[in-house]
Amino acid sequence: MSQGTDVAGSRQILRKKWLLLPVCFAGGMLYAAALPPLNWFFAAFFTLLPLMYCALQGKWYFRLLCGWVWGLGWSLFAYSFLREIHPAIPWLLAPVISLWPALYTMLLGFFAERLYKGTFPEFTLWRGVLFAVSAAALFTVLEWTRYYLFVWNDLSVTLWRVPLLMQIARITGRYGVSLFITSLNAAIFSLIYFKKRRFIPVGIMLIYPALVLIYGIIRMNYPGMEDSGKKVIWKCALIQGDLPQQRRAGEEQILNSIMRYFQLSLQMKKFDPDTIIWPECAVPIPLRSNIPLAQVYREAVKKLDSRMLIGSLDFSEEGGMTNSALLIKPGTSWIIGKYDKYHRVPFGEYVPFRSLLPASWIKAFDMGRDLTGGKNILPLRINENVSAGTAVCYEGVFSYMSAAFAREGANVLTAISNDVWYPQSSEPEQHLANAVMRCVETGLPMVRSGNNGGSGVVTEKGVFTQYIGTAADRPELLRESAAGIVTVELEKHPQLTFAVRYENLIVYLLFAGLLIIWFASGHFPVKVTSTSSCQTTLP
């Protein structure tokens, strides 16, 4: 009888354990819900709770599985926009990118085992605090490790519409904002899970979020530039053509692109802008190519008789093709400044391991050539007062690029983008959401020109403003042909922010803290009381 009872009890425990998998999937969905298009930012404060709980359950491989399932719930929804390129891409990406939360849950479980020597005795204060600190720090450090693979939609992006909570990025960069979110998750988990003296670890985990909130209030009320002698005004005309995808454009499409951008720019001439800005690859041929329509392109640029910053295909010194931002001298088509895209999009602008991949795979997304990457990250000198760190499309989401522009003397960020590959999904909004943090990190405003949305100004505090086109509830989502004038107030020689000077310092400190916890916890004594006082035992 007792044996049958034991078997039934074991089966019940097993069923309960496997029920954690759908809970983890739902937790990942909360992360996706905090991102565009839903923008339920508060969901991010609860998204990690299933992972923290699962880190205290089962063997390492079960914890790994729980984290991987959580990752599927996040990535399948957060990156669903990639289906507009090919329906299979979200399904291929999700299992790979889900390895990061899987690794997080497994490693956090190892920290718990080391803290508790394999069992969970009656809760003691210091073990609970160290577990909560490890839970918050570890996720932030692991986010940093996926930076160069696919940084899109890191945890900090969930707060892109809450500038009050983003201001800490001026000191810590994006990962300080992620730590704010993970600390809140750890505080809520401590409140729910631990049975005794829970308010002490909760209070400790709320110290950093409280400091973030205080700093945010101070920064949002900071008046900014007070000395008028340091101010300059940059007046720009932003041109948004809203043209369809032109992967292999014919003559009619090329001519239509030239005329659309020419006519919209001509309308802005009466406002006497300092610079007319066209988005990435506004016209689907290189300005300097020798095909007949390129001459029409150059003549249109000359007739506008304005300083222009345009996104265009161009050529490297070695003869390769580049995706570039070209600064044009007024009344000519002469290029007086050029920035070649440094961080190319894998599989969009070049195919990694091209020779090793099946031809059928390459055919699905290949542009027919690998673009050549730029050799430096230098701002464009627009005029004597304006030095613009110009990111081409996807580059605008990378902190290291905006920091490099700032260190090289940029006093404004510009972004020229073209999200036409995603005509129906939330990708254009996600692109904007991933870019606004660069302004807070560098303390520089951003002038953004897109072909099909997101054209306007982002202030140095991360607020989207001065949109072009007709007013709407969500002007950053405007998808129509439009042009408008924006004026940006700049400092001639802005000081570098702490985040720019000491890039990723917070990640290094968190990593060092995790190492200290790991090695120190190996020497902590464990006093196991009676079985009745135990909470849980790791199988």
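The largest nonpolar core here has 128 residues, and Tyr-79, Tyr-104, Leu-159, Phe-180 and Trp-234 touch the most other members. By nonpolar core I mean buried Ala, Val, Leu, Ile, Met, Phe, Trp, Tyr and Cys residues joined through side-chain atoms within 4.5 Å, with buried meaning under 20% relative accessible area (1.4 Å probe, protein chains only). Apart from it lies another core, of 26 residues, including Trp-278 and Leu-287.

A quick word on the model: it is predicted, so local features need pLDDT of at least 70 and side-chain atom pairs count only at pLDDT 80 or more, while totals for chains, interfaces and linings use all residues. Residues are numbered from 1 along each chain as its sequence is written, and side-chain values use heavy atoms, leaving out hydrogens and water.

Back to Tyr-104: beyond its neighbours within four places in sequence, its contacts (heavy atoms within 4.5 Å) include Ala-135, Leu-138, Phe-139 and Leu-142.

Now, helix 7, residues 125–145. Helices are DSSP runs of H or I, at least four residues, and strands are runs of E, at least two, numbered from the N terminus. Is helix 7 enclosed or open? Of its 21 residues, 16 are buried, so the rest of the structure largely encloses helix 7.

Finally, the open sheet: 6 strands in the order 7-8-9-10-11-12, with mixed pairing. Strands 7 and 12 are at the edges with a single partner strand each, so one side of each has no neighbour in the sheet. Strands 8 and 9 pair in the parallel sense over 5 bridges; pairing takes at least two DSSP bridges. There, Thr-390 has Thr-414 of strand 9 as its bridge partner.

Definitions and conventions
The expected span of a helix is 1.5 Å times one less than its number of residues. Buried means under 20% relative accessible area, exposed over 50%, partly exposed in between (1.4 Å probe, protein chains only).
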